[in-house]
Amino acid sequence: MTTSRTVLVTGGNRGIGYAIAEEFLAQGHRVAVTARSGEGPAGSLTVRADVTDSESVDRAFAEIEAELGPVEVVVANAGITRDTLLMRMSDEDFEQVVDTNLGGAFRVVKRASKGMLKARFGRVVLISSVVGLYGSAGQVNYSASKAGLVGMARSLTRELGARGITANVVAPGFIETDMTDALPEAQQAEYKKNIPAGRFAVPSEVAKVVAWVASDDAAYISGAVIPVDGGLGMGH
Ligand code: NDP
């Protein structure tokens, strides 16, 4: 049995973030989620936050600290796509995606690190994607933001590793959520052909890996990229 922790999952109102929050709750942790709309799973504390806004992130942390204590495990999961080919990609498409996926992780982890340094304990889990290192036509913005998370986790590991803090990347492949439902069926079928497992995954398959890498058992794993992709990205 792992120690009970205070956990924060960004974007915990749906999809992978919701499943991650459910998994931590099932394992007996105190769980807060950030959401711009909707709610996290029953038993979690939902706080409003937009990860592109440092003040909003700060307010969310203050609320969580008051209710549940300092955040010991942070899962930077909130993310968006604005897919289009490079020639059609606007500066705004690029900036919004990088500011949410990479900038958002930076803001949340920076704020969480205060308490983690004091406690000399912390688990940082950044939700990247198989396309961060594999690449993907039509996702120059998204894959760059997700690759950036690898550099972030490895720099955090070097900077904070001696203080009992680990930072890892979980890189999902194709997971059935609103984000992937939005893709045309022909594109989904094309993706499936390339996945050695021959299927897409459900969010709980990512959630269990995230909970494990945040557990006491994973204390000596840091700066790693852990794929949950049915073999799609082999070679990270
Ligand atoms: P969804 O589109 O289902 O959910 C995205 C979540 O991010 C929502 O909770 C959303 O909140 C939140 N979010 C987006 N922008 C912001 C913001 N500015 N501030 C706060 N929250 C925000 O995505 P998934 O569950 O599919 O994906 C979750 C993570 O996993 C993402 O980082 C994604 O890139 C990654 N991923 C997903 C894969 C997949 O196949 N589904 C594959 C690989 C990686 P709101 O409801 O308010 O919009």
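Two strands are taken as paired if DSSP finds at least two bridges between them, and in this predicted model strands E2 and E3, which run parallel, are joined by 4 bridges. Within that pairing, Thr34 stands opposite Val47 in E3.

**Sheet**
- The open sheet is formed by 7 strands with parallel pairing, in the order E3-E2-E1-E4-E5-E6-E7.
- Strand E3 (45-48) and strand E7 (225-228) are the edge strands, each of which pairs on one side only.
- On average, and with direction ignored, neighbouring strands of this sheet are turned by 20 degrees against each other.

**Helices against the sheet**
- Helix H2 (residues 54-68) packs on the sheet, where it touches strand E1 (6-10), E2 and E3, and its direction makes about 155 degrees with that of E3.
- Helix H3 (residues 91-119) lies across E1, strand E4 (73-76), strand E5 (122-127) and strand E6 (165-172), and runs at about 175 degrees to E4.

**Nonpolar core**
- The largest nonpolar core has 65 residues, and those with the most contacts inside it are Val74, Val75, Leu126, Val170 and Val210.
- Helix H5 (residues 140-160) contributes the largest share of this core, 8 residues.
- Beyond its neighbours within four places in sequence, Val210 is in contact with Ile20, Val75, Val125 and Val170.

**Ligand surroundings**
- The ligand is surrounded by 30 residues, of which the closest are Gly11, Gly15, Arg36, Gly79 and Thr177.
- The residues of this shell divide into 11 nonpolar, 15 polar and 4 charged.
- Helix H1 (15-26), strand E2 (30-35) and helix H6 (178-181) each supply at least two residues of the shell.

Methods: Residues are numbered from 1 along each chain as its sequence is written. This is a predicted model: local features need pLDDT of at least 70, side-chain atom pairs count only at pLDDT 80 or more; totals for chains, interfaces and linings use all residues. A residue is near a molecule or strand if its C-beta atom, placed from the backbone, lies within 6 Å of it. Ala, Val, Leu, Ile, Met, Phe, Trp, Tyr, Cys and Pro count as nonpolar, Asp, Glu, Lys and Arg as charged, and the others, Gly among them, as polar. A nonpolar core is a set of buried Ala, Val, Leu, Ile, Met, Phe, Trp, Tyr and Cys residues joined through C-beta atoms within 7 Å. A residue is buried if 20 or more other C-beta atoms lie within 10 Å of its own, exposed if 12 or fewer, and partly exposed in between; C-beta atoms are placed from the backbone. Two residues are in contact if their C-beta atoms, placed from the backbone, lie within 7 Å. Axes are lines fitted to C-alpha atoms, for helices over the stretch in contact, and angles run from 0 to 180 degrees between N-to-C directions.
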